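Please look over the structure shown here before reading the explanation that follows it.

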Amino acid sequence: MVKKLKDKLQGNNFLLMITIVLFIALYIVGIAVFGEKNFGKPQVFFNLFINNAGLIVTAVGMTMVLITGGIDISIGSVIGFTCMLLAWMMEKKGMSATASIIIVLLIGTLFGLVQGILVAYFKIQPFIVTLAGMFFARGLTAMVSTEMISITNESFLKMANAKIYLPILGTMNKKGHLVYPYIYPSVIIAIVVLVIIFIVLKFTAFGRAVYAVGGNEQSALLMGLNVKRTKLKVYVLNGFLAALGGFVFCLNSCGGFVEQARGFEMDAIASAVIGGTLLTGGVGNVIGSLFGVLIKGTIESIITFQGTLSSWWTKIAIAALLCFFIIFQSIFAKLKAKKAA
Amino acid sequence: MHNMKETMKKVTGYHLFWPLVCLGVVLLFNLIKTPSFFQISINNGVLYGYLIDVLNRSSELIILAVGMTLVVASSGGTDISVGAVSAFAGAICVYALGTGETYRMPYLAGMLLAVLIGTLCGAWNGFLVAKMKIQPMVATLILFTAGRGMAQLVTGGNILYVKVDSFKRLGSFLPHVPLPTPIFVAILVVVITTFVLRKTALGLYIQTVGINAKAGKLVGLNATLIQFLTYAFCGLCAGIAGLIITSRIYSIDANNAGLNIELDAILAVALGGNSLSGGKFSVAGSVIGAITIQALTTSLYAMKVTADQLPVYKAIVVVIIVVLQSPELKRMFNTVKAKRASSKQEGWWHNG
Amino acid sequence: MKSEEIVLTMRDISKNFPGVKALSHVDFTLRKGEIHALMGENGAGKSTLIKVLTGVEEFETGDIHIAGNDKCIVNRSPQEAQVNGISTVYQEVNLCPNLTVAENIFIGRAPRKLGGIDWRTMNARAKKVLQDLNIEVDVTKALENYSVAIQQMVAIARAVDISAKVLILDEPTASLDESEVEKLFDVMLALKKKGIGIIFVTHFLEQVYKVCDRITVLRNGTLVGEYEVEKLPRVQLVAKMMGKDFDDLASIKKPVEEGKQSKKQEVLLKAEKLASLGKIKPFDLAIHKGEVIGLSGLLGSGRSELARTLYGAERVDEGTLTVGGKKQSVKAPIDAMKAGMAFCPENRKDEGIIADLSVRENLIIALQAKRGMFKLISKEDQEKFTEEYIKILQIKTADMETPIKQLSGGNQQKVILGRWLLTHPEFLILDEPTRGIDVGTKTEIQKLVVKLAGEGMSVMFISSEIEEMVRTCSRMAILRDGVKVGEIEEADISQENIMKAIAGGDEHA
């Protein structure tokens, strides 16, 4: 039993374990310090999901791209564009919510297709390709409208504000009523995406090819895998997820403006890295990325609960965590190399 | 005929040929679209005009592009933290000088402090990349995230204004000088950098390490130190750029100062004909690249494109450049050429 | 020899690279259930033959037959070769270290259940495949947790499981320790029993005599012959590889020149118990002024590693180095350079040339590094030096600003030589300076070495060509399997003696 646990803790699972332990520790600190401010309430925990549903979706997509050894920094812009386009189509063009959502998802996929072709078939560095994508999508957003558009479409708002009460973890409120924690549909979308991509990565030939390509591209080729197509598929899927993430994000913001979700890609990358994904490729896990997102959310909550600490402490705390993980990974990799030699 | 071909080959082979063509195309475009682009007038003893504006506005980009060029050359990676570091350095400077009627410390000391902070940030990046062997993008992601946070920490989240008039000079005009000061700063940075690269062996060392680090080590170079130095220098450039950005609006907005400028700096390096995978580099190329970007920006503004829409055009330019530079395209092109040549040969065979 | 015993025949295979005949009318036959060593020194054509067989390179003439297929086969890619029953396991394991052991065996053809990968079945089957080879590992762990040896076995298991008739092992033992090699041999013998034909490429004679049934020797792209192991003594094998018939050699003695003979000069450099872990075992070596010391041994014997350790290109783990009577700590090449050393690496492309830089820059870089960053060699001096060395070494280049990558191999090598001569070293190390170079340049370089030694420079000369060594060296050190096993004094230098020393264990002679 102990041996089995030790085995599990070895290698890359070890990185994941650290992330999870860190999350739990942070959360316990939060409860210990801000217990009387109701930090311990289940709803606070579910708010982490509500506030970060969009980030979960995009971090999942990003993780997949990072596993292939690539990167996609266009995501923030794609989200901004998605929100803007959704708002514009529904508000200015009077289109139905369903049609608008389908259109933005298609556009996101197309966006991913073009980036994927440039990366996989033209062999241009992913950073440069998606840098162009980032510029392009942000500029397009401004071309749609430079004004902020708020969404008033009823069916969309219904979707956005539908509280779904969970039948568990009820607590008494001040009046003595039993209240159950709730979530929004956005959370359900995020969880479904997480589960699907987890299954795809673990149980499909495509998913394993993603890991193989990131682990050693040359070997993957020699073992008969279609490296180019695998990469293309990843970028296409990521384009779709970015748009879906944009939709989920929009469910929270209910509007579009040019600067929306700027720098969101870095949050996604940071979450993935904190979750144990190596930017050199081949190693990563969407569950880890989920915890990466939750850690970021917890830090934000703690800073909000504290009340006097300013918002920039979030950035600094996340950077410090990032720094810790990157250096830790680097040392970890060196140790592993030494062990192999 | 043959000579002509040779000359053509020499001209197109010159390393600044394509960057200059790009700049030429942008200027030509303006000549046709907005002839007023080339007018320069004198007002209150200072020069005005689109061209002056292009040079003025491109100054901080030129400075950052110079630093970025060396980072790319030595490590084949990019420093994405320069924008955030500029903001941080600017914030430090404003904080040090204070927002009162007089400076809290001498102006020069404030500037030196900012540049020092920039260099320290660069040194940290350099340590991670050269010593810890972390990918440049990942290593600089840390300061990319933290830089603005630390800047906000310094400014307390407010936009801080400097009230002393002399603070504006760096970003606008020196008394009795008809050209904006940033142009001089940019020239100074370029000239000093070029001088150091020419008068010491550093330029050769950087290229050697960037092209073949293994061979570099065997001929006795300290690849780690050289990479470290380029990152520290890039940080120094970010510090200087931060000062100019701050002085232009005599205030620091930690959230927006130098926003996305790292991307323009990387683009300038690529536009200057430098390979982003490292090795041979040309500072002059990057300077031309930076001016091209600003010229493009200014001319699009002149054509009533809004600042928000600008990135679309930039993106198109980037994609065209990188696709043209892509070795895969060259390979495809060569295969087609080879096929044609072989079919020609076959034709000759049949005729013979 | 019954024809049904044969699994693979290659007949009359030829292949040219620009300017080089890589393979010329080579025949190769592999029988069922045999381990067949493919041997030859650098440039003999072993790897080209393997590449042709596995579809990495195309060939110009000849045909390949494999048992169970009446037609000639032509493989255009490693995948196609695999379909035809030919699998290869390389020295650098071509697997994905981040995937589990089981996956590495089955990726691309994993068992499915409900549309997804059936991990349980896959793990069970992987376990079975490995057990058949007597390997017990946890197949659910990532491959990177295991040693290179195990990784290689996994690669072999994958190859075998994809119904291989022919298994090519390309220098699989280079990075294994003794017990791991034993284990690998067990696996090879088990496969042999199953009737698989194994082509074993190696440089280690011991190993050939331990497991192989037959040996095919190539030299300079041509077939020297196919031999049964019991009938070919070691020294004979070395002679075949080096291109001399042993019986002829026995009578040749190097004429010892008058005056050149052993007037022992002072010691310039002395290594005592110097070692680099995993690269070269502790060795003693003294180098005298004005001598050409040859390092001989087969590829992988540690000859390059010894030189690199002296130069500080490999980490020195123990021992001391004395230069000119003073103890010298060499932590990096620059320390060695300051102590008067210079080093031409074996792999010109990866470690020698700085491809995009000009001939001029490539020439002066070492001297510049030695002088330091702030003492830039003036443009005039750079040009003067470059002109001088282009002339002395007769480097053929359009002009001194031509990127070195545009020069031919021989001229690149001359530039690298010039780079080091410019630093006026007292001790020059040349690791395979004549490899892949035309005959004319080869002779020029050999002459230059003798001339430099005549002028008082000490030279260390490493080459796979024995003749070249006999012609240029005044003393030799012999290496085998990472150990310096002996020295040969000038009077005793002969091809025969060198080969005997390289071959070691004389039981077959």
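**Domains, fold and contact**

In this predicted model, chain C is divided into domain 1 (3–85 + 163–243), domain 2 (101–161), domain 3 (267–340 + 426–501) and domain 4 (351–424), with bounds that come from an automatic or database domain assignment. Local features need pLDDT of at least 70 and side-chain atom pairs count only at pLDDT 80 or more, while totals for chains, interfaces and linings use all residues. Residues are numbered from 1 along each chain as its sequence is written, and chains are lettered from A and ligands numbered from 1 in the order in which they are written.

Taken over C-alpha atoms, the centres of domain 3 and domain 4 of chain C are separated by 24 Å. Where they meet, 9 residues of domain 3 of chain C are in contact with 8 residues of domain 4 of chain C, two residues being in contact if their C-beta atoms, placed from the backbone, lie within 7 Å.

Chain B has 14 helices and 4 strands, which are DSSP runs numbered from the N terminus (helices H or I, at least four residues; strands E, at least two). Along its principal axes, the C-alpha trace of chain B spans about 90 × 55 × 35 Å. Among the contacts in chain B with a separation of 6 or more, 77% are accounted for by residues 24 or more positions apart.

The contact between chain A and chain B takes 33 residues from chain A and 34 residues from chain B. On the side of chain A that touches chain B, α7(A) gives the most, with 11 residues.
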